[in-house]
Amino acid sequence: METRLIRFEEKKSNLGSLVAIQDPDAIPFAIQRVYYIYGVDSETYRRGFHAHKDLEQVLICVSGSVKVLVKTPNEEKVFHLDDPSIGLFVGKMLWREMFDFTKDAVLLVLASRKYDEKDYYRDYEIYEKAYMAQRRGK
Ligand code: TYD
């Protein structure tokens, strides 16, 4: 699966820490969009439930913590994001679900493309068929 954790360089001092993400050093794509999810005020809420045809993302939990399930029809992994100096790269054609948000969680997402609803698979069965078809085509 095209997922990996990226450790960002932290500038630490007695005043606290700073992470700078400057294209193209730290992220494997040019950033076209930034959004963030926060105020998920029940730990039972789950978000995501989609895959992207072409979009790549890096997810950074800049406050609190969250778990991210990334899966294909063949394998799945859960990442626990609880460190603002770590980013989770999520490639194309991967189903993702975010859960166990702490009340203070802020999930920052860096994205390789602008928002386009046509880039989404929001139905797992349709995603699964497209994934398998793409695999057979390779
Ligand atoms: P949604 O994709 O449902 O969030 P998640 O998958 O993380 O649970 O997005 C919530 C709403 O925000 C939905 O109406 C689409 C809209 N949206 C944008 O307008 N721009 C964006 O960049 C994103 C990610 C979502």
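This is a predicted model: local features need pLDDT of at least 70, side-chain atom pairs count only at pLDDT 80 or more; totals for chains, interfaces and linings use all residues.
## Overall fold

The chain has one helix and 12 strands. The order along the sequence is β-β-β-β-β-β-β-β-β-β-β-β-α.

The C-alpha atoms fill a box of roughly 55 × 35 × 25 Å along the principal axes. The radius of gyration is 15 Å. A compact globule of 138 residues would have a value near 14 Å, so the chain agrees with that expectation. Buried residues account for 41% of the 138 residues.

## The five-stranded sheet

Five strands form an open sheet in the order E8-E7-E10-E5-E12. The pairing is antiparallel. Strand E8 (76-81) and strand E12 (120-121) are the edge strands, and each pairs on one side only.

At one end of the order, strand E7 (residues 66-71) and E8 run antiparallel and are joined by six bridges. Lys-67 has His-80 in E8 as its bridge partner. A hairpin of four residues connects E7 to E8.

Further along, strand E5 (residues 47-52) pairs with strand E10 (residues 95-99). Three bridges hold this antiparallel pair. His-50 has Arg-96 in E10 as its bridge partner.

## Strand E11 and its partners

Strand E11 (residues 106-111) has two antiparallel pairings described here. One is with E4, over six bridges. Tyr-36 has Leu-108 in E11 as its bridge partner. The other is with strand E6 (residues 57-63), also through six bridges. Here Cys-61 stands opposite Leu-107 in E11.

How many of the six residues of strand E11 are buried? Five are, so the strand is largely enclosed by the rest of the structure.

## The ligand site

The ligand is surrounded by Arg-33, Tyr-35, Ile-37, Arg-47, Gly-48, His-50, Met-98, Tyr-115, Tyr-120 and Arg-122. By class, this shell has five nonpolar, two polar and three charged residues.

For Arg-33 the distance is 2.4 Å. For Arg-47 it is 3.0 Å. For His-50 it is 3.2 Å. On its own, the ligand has 530 Å² of accessible area, and the protein covers 60% of that. Strand E4 (33-38) and E5 are the elements that give two or more residues to the shell.

## His-50 in detail

His-50 belongs to strand E5. Is His-50 buried or exposed? Its relative accessibility is 8%, and buried means under 20%, so His-50 counts as buried.

Besides the ligand, the His-50 side chain has protein contacts. One reaches the backbone oxygen of Gly-48 at 3.1 Å. Another is a polar contact of 3.3 Å with the side chain of His-52. Gly-48 is itself among the residues around the ligand.

Trp-95 is found in strand E10. At 3% relative accessibility, Trp-95 counts as buried. Trp-95 and Tyr-131 are separated by 36 residues in sequence. Their C-alpha atoms are 10 Å apart in space.

Where is Met-93 placed? Met-93 lies in the loop between strand E9 (86-90) and E10. Its phi is near 60 degrees, a positive value in a residue other than glycine. Met-93 counts as buried, because its relative accessibility is 4%.

Asp-100 sits in the loop between E10 and E11. Asp-100 also has a positive phi, about 55 degrees, although it is not a glycine. With a relative accessible area of 28%, Asp-100 is partly exposed.

Terms used:
Residues are numbered from 1 along each chain as its sequence is written. Side-chain values use heavy atoms; hydrogens and water are left out. Two strands pair if DSSP finds at least two bridges between them. A residue is near a molecule or strand if one of its heavy atoms lies within 4 Å of it. A polar contact is a pair of N or O atoms within 3.5 Å; within protein, one must be able to donate a hydrogen and the other to accept it, and residues adjacent in sequence count only if both atoms are side-chain atoms. Accessible areas come from the Shrake-Rupley method with a 1.4 Å probe; for residues, only the protein chains shown count as cover. Ala, Val, Leu, Ile, Met, Phe, Trp, Tyr, Cys and Pro count as nonpolar, Asp, Glu, Lys and Arg as charged, and the others, Gly among them, as polar. The radius of gyration is taken over C-alpha atoms; the globule rule is 2.2 Å times the number of residues to the power 0.38. Buried means under 20% relative accessible area, exposed over 50%, partly exposed in between (1.4 Å probe, protein chains only).
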